[in-house]
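Please look over the sequence and coordinates before reading on.

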Amino acid sequence: MSVRELVVLGTASQVPTRHRNHNGYLLRWDGEGILFDPGEGTQRQMLRAGVAAHDLHRICVTHFHGDHSLGLAGVIQRINLDRVPHEITAHFPRSGQRFYDRLRYSTAYRETVPLTEAPVDSDGVLASTKSYVLEAHKLSHPVESYGYRLVEPDGRRMLPERLASYGIGGADVGRIQREGALGDVSLDEVSEVRRGQRFAFVMDTRLCDGVYALAEGCDMLVIESTFLDGDMQLAVDHGHLTAGQAGAVARDAGVRHLVLTHFSQRYSEPDEFERQARAAGFEGELTVAHDLLRVPVPKRR
């Protein structure tokens, strides 16, 4: 049975706190693991969350501020120490190549695993698999930053009542799915489009076109909400979003499940983030993330 869930490894912005580790998020998607923004301490958080290096297939870094990337060194060395048997691909802004190289080779270790580098330098598709298409969109932050989006290809949902009306059953159901028709009956007559799931990961950014492109129609949107609305000017000055802005984006984009994260250490009341996102008009499922939380991706519509 396929598993699609978000494992939250850390939720702090800029500096860790006693209760929040630096950023780190693992998306489990049909047997693959995609690690987003491994900040300092990610390797230990993986251990606490029951995540192994063997679970990783891609690493996606939005930008090279320390709270989103300092854990790369430990994660990469653990991948090699554990001799992960499959290819792992790393995506990151091409402008940060020198930072990636420094982190990858920050200390001496024995390289045993091929790590494929696939830097990002423009909006578009980064990878296509049977299970998803991975896209990137540029964000607005003091250093170059990209958000990531997974889109599952649309499928077909068979309609039992229509199949029965045409007398189609048993092995013929599989045949019409494979061949697109059975005699005079087309697949469209006995099925409907099953929309693929969509997931987006949006970190440090001001409001911009990329935010909306990433969020559009998502089943799950993981988005930074560093500040509360009363500190809007701080958010603008430092290239971040507020909880109300995140809620408004999710509302306008038709998001089903909104996950707020990346909280400033200045706040001690996490419930206020939810209140402000709700006040912006978001009515879907909403989670204020905390470390080591597991959040299932909503079932297909």
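Predicted model: local features only at pLDDT ≥ 70, side-chain atom pairs only at ≥ 80, totals over all residues.

Residues are numbered from 1 along each chain as its sequence is written, and side-chain values use heavy atoms, without hydrogens and water.

**Helix α1**

Helix α1 spans residues 42-49, and its buried residues are Thr 42, Gln 45, Met 46 and Ala 49. Buried means under 20% relative accessible area, exposed means over 50%, and partly exposed lies in between (1.4 Å probe, protein chains only). Helices (H or I, at least four residues) and strands (E, at least two) are DSSP runs, numbered from the N terminus. Seen down the axis of α1, the buried residues fall within an arc of 105°, so they line one face of the helix. That arc is taken from the directions from the helix axis to the C-beta atoms. The face turned away from the buried side carries the exposed residues Arg 44, Leu 47 and Arg 48.

What do the buried residues of α1 pack against? The partners are β1 (4-10), β2 (24-29), β3 (32-36), α3 (72-81) and β18 (294-296). Contact here means heavy atoms within 4.5 Å. Just after α1, Gly 50 takes a positive phi of about 75°.

**Leu 9**

Leu 9 sits in strand β1. At 0% relative accessibility, Leu 9 counts as buried. Beyond its neighbours within four places in sequence, Leu 9 is in contact with residues including Thr 42, Gln 45, Met 46 and Ala 49. Others among its contacts are Tyr 25, Leu 35 and Asp 291. The C-alpha atoms of Leu 9 and Tyr 25 are separated by 5.4 Å, and the two residues are 16 apart along the chain.

**Largest pocket**

The largest pocket has a volume of about 320 Å³. Of its 16 lining residues, the closest to its centre are Ser 13, Gln 14, Phe 227, His 238 and His 240. On a 1 Å grid over the protein atoms alone, a pocket is an open set of points where a 1.4 Å probe fits, with protein on both sides within 12 Å along at least five of seven lines; lining residues have an atom within 4 Å of a point.

**Cysteines**

The count comes to 0 disulfides, a disulfide being a pair of cysteine sulfur atoms within 2.5 Å.

| Cysteine | Relative accessible area | Nearest cysteine sulfur |
|---|---|---|
| Cys 60 | 0%, buried | Cys 218, 14 Å |
| Cys 218 | 0%, buried | Cys 60, 14 Å |

The 14 Å from the sulfur of Cys 218 to that of Cys 60 is too far for a bond.

Key
Points joined across faces, edges and corners; volume = space filled by probe spheres on them.
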